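Trainee: I would like to learn how to read a structure like this one. Please take me through it feature by feature.

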Amino acid sequence: MLKVFGLKNCDTCRKVMKALDGAELVDVRAEGVPEEVMQAAYEQFGDALANTRSTTWRNLGEEERKQPVLALIQEYPALMKRPLIERDGALYLGWGKDTQEALL
């Protein structure tokens, strides 16, 4: 099972869906990320799970940015770095060369 957690209108997520046959896109705004997947992703990637270069991040106030990453992503799903890919229990974050080599 190959799941891509992202946004349906995200250019990178669209590239991933074209590259990975049979992948299922889970729109994080509409469906969210299962708590156990999000917890495992946080344990593996830590604060890198938040996209601090996003418009959502830039629009947050100083006090909001001090909240725990998981709480922020739960409140603002688009803040999650995309895509988060789950394949056979293994998690991959982003669509860099390392992720592409592992999945293609």
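**Salt bridges, sheet and helices**

Mentor: Asp 11 forms a salt bridge with Arg 14, and their closest N and O atoms are 3.5 Å apart. A salt bridge here is a side-chain nitrogen of Lys or Arg within 4 Å of a carboxyl oxygen of Asp or Glu. This is a predicted model, in which local features need pLDDT of at least 70 and side-chain atom pairs count only at pLDDT 80 or more, while totals for chains, interfaces and linings use all residues. Residues are numbered from 1 along each chain as its sequence is written, and side-chain values use heavy atoms, with hydrogens and water left out.

Trainee: Where do Asp 11 and Arg 14 lie?

Mentor: Both are in helix 1, three residues apart, which is about one turn of the helix. Helices (H or I, at least four residues) and strands (E, at least two) are DSSP runs, numbered from the N terminus.

Trainee: Is Asp 11 buried or exposed?

Mentor: Buried means under 20% relative accessible area, exposed over 50%, and partly exposed in between (1.4 Å probe, protein chains only). Asp 11 has a relative accessible area of 52%, so it is exposed. Arg 14, with 43%, is partly exposed.

Trainee: How many salt bridges does the structure hold?

Mentor: The structure holds two. Glu 63 and Lys 66 also meet through their side chains in a salt bridge, at 3.4 Å from N to O. Both Glu 63 and Lys 66 are exposed.

Trainee: How should I read a sheet?

Mentor: Strands of a sheet pair through backbone hydrogen bonds, either parallel or antiparallel. For two strands to count as paired, DSSP must find at least two bridges between them. In this model four strands form an open sheet in the order 2-1-3-4, with mixed pairing. Strand 2 (24-27) and strand 4 (90-93) are the edge strands, each pairing on one side only.

Trainee: In which sense does strand 1 pair with strand 2?

Mentor: Strand 1 and strand 2 pair in the parallel sense, over four bridges. Val 4 has Leu 25 as its bridge partner in strand 2. With strand 3, strand 1 pairs in the antiparallel sense, again over four bridges. There Val 4 stands opposite Ile 85.

Trainee: And what of strand 3 and strand 4?

Mentor: Strand 3 (residues 84-87) and strand 4 are antiparallel and share four bridges. Leu 84 has Leu 93 in strand 4 as its bridge partner.

Trainee: Which strands does helix 1 touch?

Mentor: Contact means heavy atoms within 4.5 Å. Helix 1 (residues 11-19) packs on the sheet and touches strand 1 (2-6), strand 2 and strand 3; its direction makes about 170 degrees with that of strand 1. Axes are lines fitted to C-alpha atoms, for helices over the stretch in contact, and angles run from 0 to 180 degrees between N-to-C directions. Helix 2 (residues 35-45) lies across strand 1, strand 3 and strand 4, at about 65 degrees to strand 4.

Trainee: Why is strand 1 largely enclosed by the rest of the structure?

Mentor: Four of its five residues are buried, so strand 1 is largely enclosed.

Trainee: Where does Ser 54 lie?

Mentor: Ser 54 is in the loop between helix 2 and helix 3 (55-58). Its relative accessibility is 10%, so Ser 54 counts as buried. The Ser 54 side chain reaches the backbone oxygen of Asn 51 at 2.9 Å and the backbone nitrogen of Trp 57 at 3.1 Å.

Terms used
A polar contact is a pair of N or O atoms within 3.5 Å; within protein, one must be able to donate a hydrogen and the other to accept it, and residues adjacent in sequence count only if both atoms are side-chain atoms.
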